[in-house]
Amino acid sequence: MNMTFLQELFNSITQRDALLRRRQGEVTTPDHAQLIRACHALLESDGEASSIALASRALAMYRQLGEAERWRFFECLADEFAAEPTHIDRAYSAYREVRNNANLQALFDACEPRRQELFRRLNLASNGTYELVRMREDLLGLLRERPRSDGIELNAIDADFAHLFGSWFNRGFLMLKRIDWNTPASILEKIIRYEAVHEIQDWDDLRRRLDARDRRCFAFFHPAIGDEPLIFVEVALCKGLPDKIQPILSGESAGETDIDDPEAADAAAFFGISNCQTGLRGISFGNFLIKQVVQELKQELPQLKYFVTLSPVPGFSQWLADRRTDEKLPEELRHALETLDTPDWHRDKARSDRLKAIIKPLAARYLVEEKNARGLPLNPVARFHLGNGAELKRINWLGDVSSKGLKQAEGLMVNYLYVLDDIERNHENYISKATVACSSEVRDLNRRARKMAKGDNLK
């Protein structure tokens, strides 16, 4: 019998059972203790049919918990459903005595927290995978607010989720789908809601992004969570590398990069990549998505030569603000940066040109040299694209003059170029040496920043 049918059948039975209990006057709002008992029952169940029904009931109970009860539930998961130390000690002793595969497997089994088996069984329920993704989203939210409670660490639970999701959302399970104006409205509504880079204002705005001949949009889906996109990318077909986002978003003329016919395009610009499921944070989809979309576009439009992003630079404005108080920088340079506080400074051409000569080199320094505690680029968008094997191609002055673009990066945008023959080499150099692949133009800007820091003239 079809497993999906069985899951739906027992989920329906569970829902009717809950409805019957409510009609009989039972307490309708469970607490964490009731849910924990349901989880123990699920782990003790040895029948597939009963496990599906118990998993559905447990997940339904979880969704009814308030924030405080969910926190207590996660505390119990950390405590009651951890690996058993005595079992680990016993298995380790056996492995030290006889180092064979059977004892090694027994040690692996003993080290695995019982939570992982609980999550696997909860996944039996209809829509169980998506409910577990939402459960991890709740956990991440709670961890942000209060990372510890009475000395109990909950990060181990998050690590369990990440471990399981890394397998469940393996690339082999992902389905790439083209999103266009004929896509079901239920999915289009989610595209509007999940757009994280350039907000979609309304349905007309969405249609401009999807229905024009020079636009493409692709998303990854997973069969276990239906029409919920995992990640999507928006693409503009153009001639040459675009340097401004406003013409792309508005549909207005972008000058030399404009095309009337997709066959005339020589570049595909990825201008928006949005992760849709907070509960899947840390599970890598973007690198697979870009590479597969490149293949799709090459098949449709073989004349395309350039695959490039038009990317934001979040965090650059804050980094730049910190430079104003850096006494290692020349006073003239710090004073020039203070003019960024002038309202509408970007509309004053003389002031804008003056700042351009200063800020673009500093942006190159920020993107190429500034590193985090792990020795990787400080900027998260740079880490993503450089880690995928792209090259930092160009820094675009006033590429995004929206309030958001000015606030996060003083209007800067960046082109990361994906050269198919160089992707693997760039990726390997980045992983092994944290090397930032960049163009000669960006290297020249970085050298200029070094001279500026030494007090060379700023003209």
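In which sense do strands E8 and E9 pair, and over how many bridges? E8 and E9 (residues 413–418) pair in the antiparallel sense over five bridges; strands count as paired if DSSP finds at least two bridges between them. The model is predicted, local features need pLDDT of at least 70, side-chain atom pairs count only at pLDDT 80 or more, and totals for chains, interfaces and linings use all residues. Residues are numbered from 1 along each chain as its sequence is written, and side-chain values use heavy atoms, with hydrogens and water left out.

**Sheet**
- Seven strands form an open, mixed sheet in the order E3-E4-E5-E6-E7-E9-E8; strands are DSSP E runs of at least two residues, and helices are H or I runs of at least four, numbered from the N terminus.
- Strands E3 (175–178) and E8 (391–396) are the edges, each pairing on one side only.
- Tyr416 in E9 is the bridge partner of Leu392.

**Aromatic pairs**
- The structure holds 13 aromatic pairs (ring centres of Phe, Tyr or Trp, the latter by its six-membered ring, within 6.5 Å; planes under 30 degrees apart are stacked, over 60 edge-to-face, the rest tilted).
- The Phe119 and Phe161 rings are stacked, because their centres are 4.3 Å apart and their planes at 15 degrees.
- Phe119 lies in helix H7 (residues 114–122) and Phe161 in helix H9 (residues 155–168), so the pair ties together parts 42 residues apart in sequence.
- Phe119 is buried at 1% relative accessibility (buried: under 20% relative accessible area; exposed: over 50%; partly exposed: in between; 1.4 Å probe, protein chains only).
- Phe161 is also buried, at 1%.
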